[in-house]
Amino acid sequence: MTSLRGNAAARGAFQSAVAGGTMHHAWLFAGPQGIGKGSFAREAAIDLLARSAGDLGADRTRALVEAGSHPDFRVLERLAKDGKPDGDLARSITIAQVRGLQPLFATTPSLGPRRVVLIDAVDDLERSGANALLKNLEEPPAGTVFLLISHAPGRLLPTIRSRCRLLRFDPLDRADMQAALAGLLPDATDDERESLVRVGGGSPGRALRFAGLELDRIDAALSAIARHGDRDNVERVKLMRALSLKAAQPRYEAFLDRVPTFIAEQAPYRSGAGLRLALDAYDEVRRIATSARGLSLDPGTTVFELAGVVARLAR
């Protein structure tokens, strides 16, 4: 598990429990989406199963898990609608999926004394599925360890939370984000990775959603507008034309996310009236970006309006 970045305290607490033989039967890995909770949970599952199977070895255990054929490992996650691999995902993890674990629990583990059930994310369980899972957590099957991923633990049933040992995962710091993206995107330029670090907000998963969208060019345009005010609207029109085409929808979505963060980055360098201006601009661009998504506003008009707010920073 050495390739994972950040959250050393949470990872260390889990590994200490494994090494010390004090494993709780259910763990809740909680924190923002995209910061590595799921990756750590899968690595933790491989480690637990390899230790349990003994002679099978870590490499063979990993191969079985990655092939989806390890008899003592199950993953519950949202399935593709209509069974189409490339289709949209279902809205929730169903009670049928949870009940589908019962044949597994009716037998002893196959390759060792332990099995692992990973639920990614437990937030996605429909209500009846959450109640069905609770019964398993209250009376855990022998040798079973549950690893539950949650992006919003406050929305879970209190009875589920109370039966799990909680490990909190935080957004990665700048150095860990840079290292993570260097490993994930070795062919990206330094400027591209730096833009992704900023838009990622401590989440490598979030940053990867914007990979290949030339955020460094968007950042350069925003910087020019904030610096000079773009009084003749040249930069704003360029952005509007570049981001309003249908083919540019992913870059437009990235722009909606990037503008509030860009303005927030200006605040620490301001004081007095300048700081107040940046804070007001931040509130306004968040409102505009939220409305643009919720009301499907015209992309070109939205880009021009957001860039206009950024231009006020030059005052």
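In the predicted model, five strands form an open sheet in the order β2-β3-β4-β1-β5, and their pairing is parallel. From one strand to the next, the twist averages 15°.

Strand β1 (residues 26–30) runs parallel to β5 and is joined to β5 by four bridges. Within this pair, A30 has R168 of β5 as its bridge partner. Helix α1 (residues 8–20) packs on the sheet, where α1 touches β1, β4 (144–150) and β5. The direction of α1 makes about 145° with that of β5.

Strand β4 pairs with β1 in the parallel sense over five bridges, and F29 has I149 of β4 as its bridge partner. The pairing of β4 with β3 is also in the parallel sense, over six bridges; here I119 has L148 of β4 as its bridge partner. Strand β4 is mostly covered, with seven of its seven residues buried. The side chains of T144, F146, L148 and S150 point one way from β4, while V145, L147 and I149 point the other way. Both sets are buried. A further helix, α6 (residues 127–138), lies across β1, β3 (115–120) and β4 and runs at about 140° to β4.

Helix α3 (residues 58–66) has three buried residues, namely T61, L64 and V65. These residues cover an arc of only 100° around the axis, which places them on the same side of α3. D59 and E66, on the other side of α3, are exposed. After α3 comes G68, which has a positive phi near 70°.

A helix pair was examined in the later part of the chain. Two packed helices are described by the angle between their axes and the distance between the axes. Helix α14 (residues 272–295) and helix α15 (residues 299–311) pack at an angle of about 170°, and their axes are 10 Å apart. Because of this angle, α14 is roughly antiparallel to α15. On the α14 side, the contact is made by A281, E284, V285, I288, A289 and A292. These residues meet T302, E305, L306 and V309 in α15. By class, the residues of the contact of α14 with α15 comprise seven nonpolar, one polar and two charged.

For the protein chain as a whole, the secondary structure comes to 15 helices and five strands. The C-alpha trace spans about 75 × 35 × 35 Å along its principal axes. Of the 315 residues in the protein chain, 44% are buried. Among contacts with a separation of 6 or more, 71% are accounted for by residues 24 or more positions apart.

How values were computed
Residues numbered from 1 in each chain as written. Predicted model: local features only at pLDDT ≥ 70, side-chain atom pairs only at ≥ 80, totals over all residues. Heavy atoms only, no water. Buried < 20%, exposed > 50% of the residue type's maximum accessible area, 1.4 Å probe, protein only. Helix = DSSP H or I, 4+ residues; strand = E, 2+ residues; numbered from the N terminus. Arc of directions from axis to C-beta. Axes fitted to C-alpha atoms, helices over the stretch in contact; angles between N-to-C directions. Parallel < 35°, antiparallel > 145°, perpendicular 65-115°, else oblique. Contact = heavy atoms within 4.5 Å. Nonpolar A, V, L, I, M, F, W, Y, C, P; charged D, E, K, R; others polar. Pairing = 2+ DSSP bridges.
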